[in-house]
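Reader: I'd like a close look at one part of this protein, a charged pair and what it joins. Could you walk me through it, then show me what else is going on around the chain?

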Amino acid sequence: MSKSKITPEEALSFHLEPTPGKFEITATVPMTTQRDLSLAYSPGVAVPCEAIAEAPETAFDYTNKGNLVAVISNGTAVLGLGNLGALASKPVMEGKAVLFKRFADVNSIDIELDTEDADAFVDAVKLMGPTFGGINLEDIKAPECFIIEQRLKEEMNIPVFHDDQHGTAVICAAGLINALHLSSKKIEDVRIVVNGAGAAGIACIELLKSMGARHDNCILCDTKGVIHQGRKDGMNQWKSAHAAKTDARTLEEAMDGADVFLGVSVKGAVTQAMVASMADNPVIFAMANPDPEITPEEAHEVRVNAIVATGRSDYPNQVNNVLGFPYLFRGALDIHARAINDEMKIACAEALAALAREDVPDEVAMAYGRNLTFGRDYIIPTPFDPRLIHRIPPAVARAGMETGAARRPIIDMDAYELNLKSRMDPTASILRGIHTRAKANQARMIFAEGDDPRVLRAAVMYQRSGLGKALVVGREADVKEKLEVSGLADAVREIEVVNAANTSHLSTYKEFLYGRLQRKGHDRHDIHRLAARDRHVFAALMLAHGHGDGLVTGATRKSAHVMERINYVFDADAAHGAAGVTALLHKGRIVLISDTLVHEWPDQEDLANIAERSAAVARHLGLEPRVAFVSFSTFGYPVSERAEKMHLAPQVLEKRGVDFEFEGEMTVDVALNVKSQDAYPFQRLTGPANVLVVPARHSASISVKLMQEMAGATVIGPILSGVDKSIQICSSGSTVNDILNMAILSACKVG
């Protein structure tokens with residue numbers, strides 16, 4: 001896999017739109033009436049204030065303290081960029097806050113402190129202690145990071161965790177447990193070399209020693225070579241604690257005969273000769289970012305049996321901190337922990353290692369476009385494994401309870417795990433799966449509207465993201481001018497511009513189109529105008545003849561007009577069983593609504609067809625379909641002629657013997673709410689419906705637009721299903737990201 005190219009324009013746009021930054025704060029209680037305001041603030045707020053003053057531990061009950069983490073930095077070591085200062089570190093800290101929420105449903109606020117003085121930093125964080133349930137320190141240079149963390153851990157009674165140190169160490173430890181398992185070696189016996197004596201390197205070696213690695217078997221190196229007993233140059237108290245009794249003075253000498261290499265240093269620090277000198281079945285974690293100390297390809301050239309991990313997502317075995325810190329804090333917060341101790345970190349590492357040894361669920365394999373099986377190329381779970389949220393925090397919580405770190409132990413661990421499962425947002429893994437499958441397919445995507453800057457930007461993003469080849473229908477000069485205006489002048493050389501004037505297939509296209517339309521009132525002049533001058537028709541003809549693998553259009557014209565043009569080339573109408581399915585993503589749920597594009601007023605047979613099309617789309621998205629035929633009535637009441645077809649459609653599916661759950665007719669609340677379903681014990685759905693088949697296109701459109709405007713749902717679609725080729729039609733109000741998402745769906749052949 002090639003590393004996706006992200007342009008500065010794309011990165012800035014992502015942080016600017018739709019609003020500056022990456023998150024906002026929303027209320028969790030009603031705030032509409034005067035009574036609501038009186039309860040939320042004065043006078044009602046006085047009651048919990050008095051309760052907390054009397055019993056401070058109740059702050060976890062009456063405020064958000066128990067699920068709130070501060071991500072704090074002074075910007076002295078921002079990523080690999082160096083000392084950028086507090087303000088410039090804010091995008092990174094916001095990003096960390098978003099990761100907390102995305103992966104473990106932990107609320108987080110970023111705080112940037114404008115000081116390089118360790119004492120001032122510590123004093124500021126201590127004063128904020130009552131606000132938060134935990135402190136995540138980030139991007140603080142060594143050695144100040146050691147001083148700051150140690151003092152805060154001693155002086156605060158909530159978890160303080162420097163992720164640059166311990167996050168890397170925990171994931172590294174998890175991978176090493178499995179690497180040694182595969183190599184039939186024990187941690188107490190292996191010789192370990194760590195290159196990089198900053199925050200991460202020292203944390204790694206300390207955690208491994210607490211797990212059983214022997215001091216005499218561990219060598220720590222920095223830019224001046226081996227940290228050995230008696231060395232004076234470039235030393236400090238943290239390095240001195242790991243000074244080895246050894247004659248080795250260089251990294252090359254230290255690597256000779258070593259079983260394990262852990263790198264948190266710089267690109268190219270390790271040579272193939274160093275790898276060749278290592279012991280049998282060597283373990284190499286080259287974790288420098290963005291480029292490792294040695295690439296897996298280079299290491300395997302000299303040692304085929306080496307187990308290699310890096311910090312990059314485009315290689316197997318990524319050592320990714322997001323596997324650790326969200327779940328460590330989730331477990332720590334849920335027991336109201338006083339600290340995150342070594343035992344909790346080791347429990348996290350062991351749980352991650354155990355998870356990687358288990359069978360991988362189908363949705364994970366689908367998300368990554370390949371089967372994942374425990375072995376040399378899969379020793380660490382993937383960040384999008386849905387089991388992480390309910391497997392890692394319980395392990396952390398148990399360790400915290402066993403070591404006395406918990407203020408409020410969890411009594412019912414089974415119930416706790418069920419609660420954690422409900423926190424997982426399924427929409428994120430679904431979207432990740434679509435993206436990965438699209439990347440594997442490498443589809444040649446036709447973007448029909450090359451005169452629109454949004455479409456051009458989406459086409460460039462599609463190609464630069466490594467999803468496949470972008471084919472843009474338009475005039476070269478026009479495309480070039482619009483790309484230059486958009487700040488993407490260099491993309492002119494990357495994407496392929498196609499039009500009737502520069503193709504050798506126009507005569508073939510026209511003969512094909514004439515054969516379809518000659519008995520529908522079109523003469524050859526009409527055919528020429530359609531094939532040569534209508535971009536929607538031309539793009540559809542390209543697709544029909546295999547000169548592209550998918551098509552995205554509709555961003556500049558109404559969907560009805562685009563559908564008319566598509567139907568000149570394909571049988572994409574109601575008579576041939578096509579249907580439009582729109583996906584709504586809202587608060588961790590995904591619901592499909594259909595038909596939103598093709599059928600104006602379907603009968604029961606049409607509705608059954610729509611249900612089958614929708615179920616197929618659901619499965620393409622990684623959902624097991626549960627279809628509900630929705631109406632204003634439920635199982636025959638109230639009686640209405642207009643509800644009759646919704647009552648009959650399930651009977652049609654019964655006769656067809658389909659292999660998915662379906663039920664109806666029913667109101668939307670019964671379809672989506674398990675408690676409402678309990679009132680009808682005979683109904684066949686085993687859970688909330690995720691596919692809603694509605695009576696007519698107008699009701700589908702109203703439903704989608706209402707959810708989008710009033711509830712803020714994310715809308716993907718309509719997804720055109722039931723056509724021979726992969727075509728997706730955007731709405732005229734689509735953003736660049738919307739168009740890109742439709743291209744990704746087309747590349748996955750969803751529909």
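Is Asp571 buried, partly exposed or exposed?

Author: Keep in mind that this is a predicted model. Asp571 is partly exposed, because its relative accessible area is 37%, and the cut-offs put buried under 20% and exposed over 50%. Its partner is Arg516: the two side chains meet in a salt bridge, at 3.1 Å from N to O. Arg516 has 22% relative accessibility, so it counts as partly exposed too.

Now for what the pair joins. Arg516 sits in helix H22 (residues 506–517), while Asp571 is in the loop between helix H25 (559–569) and strand S15 (579–586), so the bridge ties together parts that are 55 residues apart in sequence.

Take Lys96 and Glu138, whose closest N and O atoms are 2.5 Å apart. Here both residues are buried. Lys96 belongs to helix H5 (residues 90–104), and Glu138 to the loop between strand S3 (134–137) and helix H7 (144–155), so this pair links parts that are 42 residues apart in sequence.

Then there's Glu144 with Lys141, another salt bridge, at 2.8 Å from N to O. Some charged residues go beyond a simple pair: Lys90, Glu94, Asp110 and Glu112 are linked in a network of salt bridges.

On to the nonpolar side of things. The largest nonpolar core has 99 residues, and Ile135 and Phe285 have the most contacts inside it. Helix H8 (residues 163–183) gives the most to this core, with nine residues. If you want to see what Ile135 touches, skip its neighbours within four places in sequence, and you'll find Ala70, Ile72, Val125, Met156, Ile158, Pro159, Val160, Phe161 and Phe329 in contact with it. There's also a second, separate core of 63 residues, and among its members are Ile434, Ala459, Ala583 and Ala611.

Val29, Met31 and Leu37 make a nonpolar surface patch of about 250 Å². Of these, Leu37 is found in helix H2 (residues 34–40), and it counts as partly exposed because its relative accessibility is 38%.

Key:
Residues numbered from 1 in each chain as written. Predicted model: local features only at pLDDT ≥ 70, side-chain atom pairs only at ≥ 80, totals over all residues. Heavy atoms only, no water. Patch = residues over 30% accessible without salt bridge, like charges linked within 9 Å, V, L, I, M, F, W, Y side chains within 5 Å. Areas by Shrake-Rupley, 256 points an atom, 1.4 Å probe, with all protein chains shown as cover. Salt bridge = Lys/Arg side-chain N within 4 Å of Asp/Glu carboxyl O. Helix = DSSP H or I, 4+ residues; strand = E, 2+ residues; numbered from the N terminus. Buried < 20%, exposed > 50% of the residue type's maximum accessible area, 1.4 Å probe, protein only. Core = buried A, V, L, I, M, F, W, Y, C linked by side-chain atoms within 4.5 Å. Contact = heavy atoms within 4.5 Å.
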